[in-house]
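Please look over the model below. The report starts with one residue, then moves to the chain and its contact with a partner.

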Amino acid sequence: MVLSVLGMGAVSALGGSIDEFRAGLEGHGKPFIEVAEFPVYRADSSGLQNKRSQRALRRIDSFTRMALLASFDAIKDSGIALKDMGRTGIIFGSAFGPLNTTFAFQDSLIDDGDKCASPLHFAASVHNSPAAQVSIQMGIDGPVQTLSAFNHTVSGVLELARSWIENGIVDTVIAGAGDEYCPLRGYATARMLNGIAPSGIQPLDFDKCSYLPGEGFAVFILANGEKPSKYGVLKKTSVRVGIDESNSILKDGKNIKALFLAANGNNGEGETYAKINAGNIPVRAHSHLYGAFPCATALSIAAALLSEENSVLCAEYSGDGELNLYETGEK
Amino acid sequence: MRNAVSITGIGSICAAGNTLDLSMVSMYAGIRNCSPPVLIKSSLDTEYPVFEVKNLSDKLPGSRTVKLAWKALHEALEQAGLSEKELNGKNVGVCIGTTVGCTLNNEAFYRDFKAGIKPDIKPIHDFLSNNPALNISKALDLKGPVSCPVNACASGTDAIGIAASWIRDGICDIAIAGGTDELSRITYLGFISLLISSGTPCRPFDKNRNGLNLGEGAGILILENNKRKRKSLGEICGYGTCSDAYHPTKPHPEGKGLLKALSMAFAQAGISPDKTAFINAHGTSTPDNDRAEGNVIKSFFPSEVPVFSSKSYTGHTLGAAGAIEAVFSLRSLLDGRLPATAGFTDYDEACGIIPTTENIEIDSGYAVSNSLAFGGGNSCLIFRKEG
């Protein structure tokens, strides 16, 4: 079963809306790169203040704000009121969860002692906090799920959405994935790169390590493929596909008009991307616009769905020299 | 035609016992291994009792959370008659829920980082290799789907529900499903800060209950379609999950989401609530949880359906809880016997539940296992034994 993509939201270094994301892909607007100890692509979720009251955003942390903004943006982008979406579920994914809140809780222990452990930070540090907040703030009382399996997170989210819709559990899924930056990630990246900061991510230079951390969140409004879609359809996700099989899919897939890679300047993963034989079709990657993080694949898929081509294959390194493949179809 | 979901192997480890057999013996004997923490040190004036696993083998791979999962997996695979080797390269899915296992909670490392000591980043590499689902899938060289639900305290239940859908939908022939979590200083202090930890052994549904005790452990089930013709222990008949859309940490007082989740699960199972042999309740022993769950049980099930809370023997094992309780539920069906709920003495009208106060015989029928989670998640599984 294919999934119609009715709307999308994207919060990234390119801005807080799908329109800004599209403009960034088209070369209008530059990503926001903050340079502290190490350069990092920072997402801007300040636009949420225009969509939600101060009261509604009280105690909402930075990661959940990204998820909320991307979700509200995706629903607005779909042009469909939430009440008209039928039975709705939420599935989010994140490799790292609310990192800044996780460490804010640890700050309360380290700075103030065990007796001063922060209950607010503890409660908000669970990975499902963003999905729960979207559920609460939008009043969605259907199934709500969160997944976390590094490079298998986005594939898990989309396949679970497909299962829910195919099996009639819901009519519509608000499906999204993202990760946030925290100083510890910057430190870890700097250590991995021996303190030498690349000038910027060069995702298609597979031999070079040009990895820079980023953050962001993409949300898709998904429904049964028979529904009219704004961005086309997502076909079945194939997980853990070997290079030979991936190349066969590309060779045999006459309708595939472009290949989008979730390559992010990590030359370890680049070894696998370099073995892909795309033939004559264009190969694209956009992590130089939003930075590297495990769930950036969701932004890659959003970019693929925004492309002019009707049928695009998206490839994500899934570990051990294998790929997860996402195929889009007819708009 | 969708595949039935057979369970061919089950395994568990928790404070009640390092194997499922040992856990059942402890529970039928009413033994509770609840004591001040050994693994966790804090500067609090009070020590809050926990349910710790003793003698976990150091030879198992990975973090403590991952080790617990491996221990339960070995037991489940043995019962299913599967060797690790024969799974290599096969389309076998792994879906294991966790909470602690997905969180970068290395306090010593973070403390050094904060102090500007520039610590070695081995803890980051360790974190990246200790996602329980990925760790097992990679170590066994499996080629099927891999997922790790992190839906707080319902993670284990959701992992089983999702893995069951893989089998039903023909995505894989075999799935390793369950949940795992270790005790952690972070969760220990976090639950105390929320004022929902008890300073005494927990008392699910009791009038004088005053909070939960944390625990640790893992529960693993081997799910299959019937291609391998292996003798089935039982079947996952229904799964439902729904949000309260109410509050980040409190359950909806009338259990709105739990009612919907139960309705979904029973609709999938194609049975009515009067077929229920017993309910393994979420039963954390917090005032809010037990009241909300009690309200739902009273309204949804016939009054004579027995209610049991295995958390009175395991503590709240967070992401492992739903999986351990699923394993216990099927085993109780197979044993035809349900343990007494430890700690219950005084009836609470606000809950309206008298859980099992002695071991009871149970007729064949369906077992229901509930999980409620931070964030308003509610998930339920329905099992039946084979034959």
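## One residue

In which helix of chain A is the place of Ile243(A)? Ile243(A) sits in helix 9, which covers residues 243–252 of chain A. Note that this is a predicted model.

Ile243(A) has 16 C-beta neighbours inside 10 Å. Beyond its neighbours within four places in sequence, Ile243(A) is in contact with Thr272(A), Lys275(A), Ile276(A) and Gly321(A). Thr272(A) is 29 residues from Ile243(A) in sequence. In space, their C-alpha atoms are 7.5 Å apart.

## The chain

Chain A holds 12 helices and 13 strands. Its radius of gyration is 19 Å, close to the 20 Å of the globule rule for 331 residues, so chain A is as compact as a globular protein of that length.

Along the principal axes, the C-alpha atoms of chain A fill a box of roughly 60 × 50 × 35 Å. Of the 331 residues, 60% count as buried. Among contacts in chain A with a separation of 6 or more, 78% join residues 24 or more positions apart.

## The contact with chain B

Chain A gives 49 residues to the contact and chain B gives 52 residues. On the side of chain A, the elements that give two or more residues are helices 4, 5, 6, 7 and 8, with strands 5 and 9. Helix 4 of chain A supplies the largest share, seven residues.

By residue type, the side of chain A that touches chain B divides into 26 nonpolar, 17 polar and six charged.

Terms used: Residues are numbered from 1 along each chain as its sequence is written. Chains are lettered from A and ligands numbered from 1 in the order in which they are written. This is a predicted model: local features need pLDDT of at least 70, side-chain atom pairs count only at pLDDT 80 or more; totals for chains, interfaces and linings use all residues. Two residues are in contact if their C-beta atoms, placed from the backbone, lie within 7 Å. Helices (H or I, at least four residues) and strands (E, at least two) are DSSP runs, numbered from the N terminus. Ala, Val, Leu, Ile, Met, Phe, Trp, Tyr, Cys and Pro count as nonpolar, Asp, Glu, Lys and Arg as charged, and the others, Gly among them, as polar. The radius of gyration is taken over C-alpha atoms; the globule rule is 2.2 Å times the number of residues to the power 0.38. A residue is buried if 20 or more other C-beta atoms lie within 10 Å of its own, exposed if 12 or fewer, and partly exposed in between; C-beta atoms are placed from the backbone.
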